[in-house]
Amino acid sequence: METAFCFQKGKIVPMNTNTLKSHCLGFPRIGSNRELKIATENYWKNLISLDELLAAAENLKQKNWQIQKDAGLSHITTGDFSFYDHILDTTIMLGAVPPRFVTQNSGSNSGSNSDVDLVFRMARGDVKQNIPAMQMMKWFDTNYHYIVPEFSPQISLLRRSYNVVNDTKFAAQLGFSPKPVLIGPITYLALAKNYDNIDRWKLLDNITEIYQSVIHELSEFADWIQLDEPILCTDLTNEIKTVFQKTYEKLNGSLNINSGSTNSRSTNSGNSNILLATYFGSLDDNLELALTSGCAGLHVDLVRGNSQLDSVAKKLPDGMILSAGVVDGRNIWKTDLSAALGKLWKIQTEIGRDRIVVASSCSLLHCPVDLDNETKINPEVKNWMAFSVQKCSEIALLSDLLDRKVSEKILEENAQIMQQRKTSPHVVDETVQKRCESIQPEFLLRNKNYSERKKLQQHLNLPILPTTTIGSFPQTNEIRETRKKFRNGEITETQYESFMQNTITDIVRKQEELGLDVLVHGEPERNDMVEYFGEQLNGFCFSENGWVQSYGNRYVKPPIIFGDVSRKQPMTVKWIKFAQSQTAKPMKGMLTGPVTILCWSFVRDDISRADVCRQIALAIRDEVADLEAAGIKIIQIDEAALREGLPLRKSGTDHYLTWATDAFRLASSGADNRTQIHSHMCYSEFNTIIRWIARMDADVVSIESSRSGMQLLEAFREFEYPNEIGPGVYDIHSPRVPTTDEIIGLLKKALQYIPQDRLWVNPDCGLKTRGWDETLESLKNMVTAAKILRNEK
């Protein structure tokens with residue numbers, strides 16, 4: 001074939017014959033009607049067979065591929081489907097199965113359909129064999145959770161899974177142009193943890209060999225293979241930078257170039273390429289590393305990393321294609337087409353049209369599936385939105401606009417929508433804005449320090465090692481059905497309130513029987529810890545089917561913040577006050593904190609996140625005052641997402657943590673000194689932010705720590721936390737019931753870091769997703785463990 005040439009940057013270069021013109025980095029795996037969740041849970045309940053589960057998965061994959069093709073994308077993505085988590089799938093692919101999960105029937109060196117069961121065992125634990133689950137952490141600064149890979153001397157790496165190859169081959173046979181995606185080996189290892197003094201980076205050569213074999217096989221069916229390395233948008237050590245270059249030299253060498261293979265494929269003629277995908281921020285000092293990777297293509301996030309546009313376009317090596325992520329993969333707002341097209345034109349000036357690929361900023365995993373499923377959102381507000389299906393169309397449309405295949409009248413229509421959103425009375429509330437402007441420094445401080453408050457809080461009469469829970473109790477089918485009936489007008493408000501009061505009374509009685517020291521009302525009236533509050537705040541709206549995956553079978557429906565935020569009326573007082581009337585023990589008022597509401601919502605992008613957070617904090621501050629007035633002496637303001645909101649670069653950390661902790665203090669510091677303020681955080685590495693947690697000045701903070709075996713408490717060895725701490729003593733994300741001895745062992749570890757007069761005893765998180773039998777047994781063992789340790793002191 002003769003080589004064509006073109007004129008770029010003042011010189012003649014070979015013309016790029018790239019077939020990749022538009023794509024998304026990944027599509028939601030859950031289904032528009034949560035089909036994956038339904039099939040998975042039915043499988044766990046033995047209502048369907050493994051074959052039926054696999055058939056449901058195949059149906060979902062093909063639907064997702066067709067959506068992308070119908071939208072007009074040049075390539076569809078394979079390898080983005082998972083029954084639980086794509087990082088866990090990579091662990092399976094590498095055969096890096098922790099020894100506790102290796103059985104005679106599921107050894108780590110052979111792949112089969114039993115891999116599905118192995119995935120579930122590793123993610124959820126094994127109740128029958130009393131095997132704890134693997135640790136779970138937040139995926140960068142998102143609300144998605146991944147299963148943390150474990151590396152120990154007992155791990156034996158050997159390729160196990162062929163799913164991504166099989167899916168890609170099948171997609172090609174169906175006539176799609178597949179672009180398989182793998183999590184890159186550097187990001188994978190960077191997110192893993194060492195056990196038993198092993199250095200996981202010494203395993204990189206073995207891991208790279210497995211990747212090479214997978215890439216070699218994929219090159220038979222795809223002309224582009226996407227390797228996700230979001231770790232490049234973070235601060236890297238020199239060691240990681242060095243191994244990155246060596247690793248990618250090997251990976252690029254594993255491509256099947258001009259193989260002459262006759263295997264069936266839709267787009268590949270023997271020339272395959274690696275697309276190095278980066279996202280969630282800018283490459284900055286890692287740009288040269290990416291540009292010299294040897295990969296044929298580079299993807300950059302031009303939404304969260306827009307500042308890198310000029311440097312990337314000017315420095316891009318001749319022949320390297322640039323995938324420009326101009327459609328936001330993490331939010332639900334319609335793309336400003338003129339602004340996005342302006343970015344693309346700027347790139348085109350530097351590198352020419354043939355080397356530009358239009359893309360989402362990151363995987364659409366973080367967006368709901370289809371806006372067309374929404375019928376109750378205010379039509380004006382809905383017109384400002386785009387979900388994953390619509391974002392695929394936006395990507396294809398921008399590609400066509402760049403090629404001038406469609407009328408630019410579309411830009412005028414889009415600009416009108418952008419302007420309407422800016423000036424809508426639904427968005428602007430001058431009263432809220434003036435209140436924010438009037439915030440004074442003293443609003444962020446309690447009247448006395450912790451040691452003085454502790455003396456004033458002795459009226460609570462709590463024992464050493466007080467026991468409590470994080471907030472929610474099991475949400476039964478009856479509870480959910482009653483909420484649904486009330487929402488649909490099938491029962492009266494009187495009937496609804498009677499049911500909820502009876503449920504709360506029962507939950508209080510169960511806690512008293514267990515012997516817990518500080519009680520909660522159980523939150524039966526709440527559908528979600530963020531959505532519940534958003535429904536009662538101005539400036540929020542809600543979708544019917546805007547589900548996104550948080551982890552495994554746990555899906556959430558984030559609220560949408562579209563305007564200025566204020567409280568309509570008291571949100572929780574009625575239920576908490578009733579619960580307190582049912583017991584002489586202290587009852588915690590349960591609130592979700594401003595940072596968590598912000599991080600777990602789709603947030604307006606026309607003002608800063610800090611400004612939105614302050615508005616929410618003022619609403620929560622009002623609720624705290626009303627709870628106090630109702631006689632509630634302990635108030636918990638959950639900030640589960642505090643660390644999740646951290647910028648990926650250290651350079652932005654102090655700015656974020658300043659306004660984030662200020663927001664918590666604004667919400668909590670109006671409380672009387674006799675009122676005990678709690679907070680809760682989950683799935684966080686606390687070492688880097690422990691001083692900022694102290695700055696929040698909560699009287700008590702509970703944290704997730706059981707899956708790490710209390711290793712997270714190492715942060716408290718170097719920094720003496722001044723207030724009280726409740727490290728979680730058992731994992732609520734697994735149905736496994738911990739033994740009393742196991743909890744005692746964890747508490748003894750905790751006592752090595754935290755004095756007994758400042759140590760609380762609690763589960764890792766809320767109990768909403770658990771069943772009553774396992775909940776009662778687990779809490780019984782927890783209370784027993786606390787009593788045994790009290791008697792030992």
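**Close-up views of a predicted model**

**View 1. Asp-117 sits in helix 4 (residues 114–124).** Helices (H or I, at least four residues) and strands (E, at least two) are DSSP runs, numbered from the N terminus. This is a predicted model, in which local features need pLDDT of at least 70, side-chain atom pairs count only at pLDDT 80 or more, and totals for chains, interfaces and linings use all residues. Residues are numbered from 1 along each chain as its sequence is written, and side-chain values use heavy atoms, with hydrogens and water left out. Asp-117 is partly exposed, at a relative accessible area of 30%. Here buried means under 20% relative accessible area, exposed over 50%, and partly exposed in between (1.4 Å probe, protein chains only). Between the C-alpha atoms of Asp-117 and Gln-756 the separation is 41 Å; along the chain the two are 639 residues apart.

**View 2. Helix 2 (residues 50–71) packs with helix 13 (residues 388–402).** The angle is about 35 degrees and the axes are 8 Å apart. Axes are lines fitted to C-alpha atoms, for helices over the stretch in contact, and angles run from 0 to 180 degrees between N-to-C directions. From helix 2, Ile-67, Gln-68 and Ala-71 meet Val-389, Cys-392, Ser-393 and Ala-396 of helix 13. Contact means heavy atoms within 4.5 Å. This contact has 5 nonpolar, 2 polar and no charged residues. Ala, Val, Leu, Ile, Met, Phe, Trp, Tyr, Cys and Pro count as nonpolar, Asp, Glu, Lys and Arg as charged, and the others, Gly among them, as polar.

**View 3. Trp-139, Phe-151 and Leu-398 touch the most other members of the largest nonpolar core.** That core holds 123 residues. Helix 13 gives the largest share, 8 residues. A nonpolar core is a set of buried Ala, Val, Leu, Ile, Met, Phe, Trp, Tyr and Cys residues joined through side-chain atoms within 4.5 Å. Leaving aside residues up to four places away in sequence, Phe-151 touches residues including Ala-96, Leu-157, Tyr-188, Lys-193 and Arg-200. A second, separate core has 105 residues, among them Ile-479, Ile-504, Leu-627 and Ile-677.

**View 4. Three strands form an open sheet in the order 15-18-20, with mixed pairing.** Strand 15 (537–541) and strand 20 (602–603) are at the edges, each with a single partner strand, so one side of each lacks a neighbour in the sheet. Two strands pair if DSSP finds at least two bridges between them. Strand 18 (residues 560–567) joins strand 20 in the parallel sense over 2 bridges. Ile-560 has Phe-602 as its bridge partner in strand 20. Helix 22 (residues 609–629) lies across strand 15, strand 18 and strand 20, at about 40 degrees to strand 18.

**View 5. An open sheet of 5 strands runs in the order 19-21-22-23-24, with parallel pairing.** Its edge strands, strand 19 (588–592) and strand 24 (724–727), each pair on one side only. Neighbouring strands are turned by 20 degrees against each other on average, direction ignored. Strand 21 (residues 634–638) and strand 22 (residues 676–681) are parallel partners over 3 bridges. Gln-676 in strand 22 is the bridge partner of Ile-634. Helix 22 also lies across strand 19 and strand 21, at about 170 degrees to strand 19.

**View 6. Arg-34 has a positive phi of about 60 degrees, though not a glycine.** Arg-34 lies in the loop between strand 3 (22–23) and helix 1 (35–44). Its relative accessible area is 27%, so Arg-34 is partly exposed.
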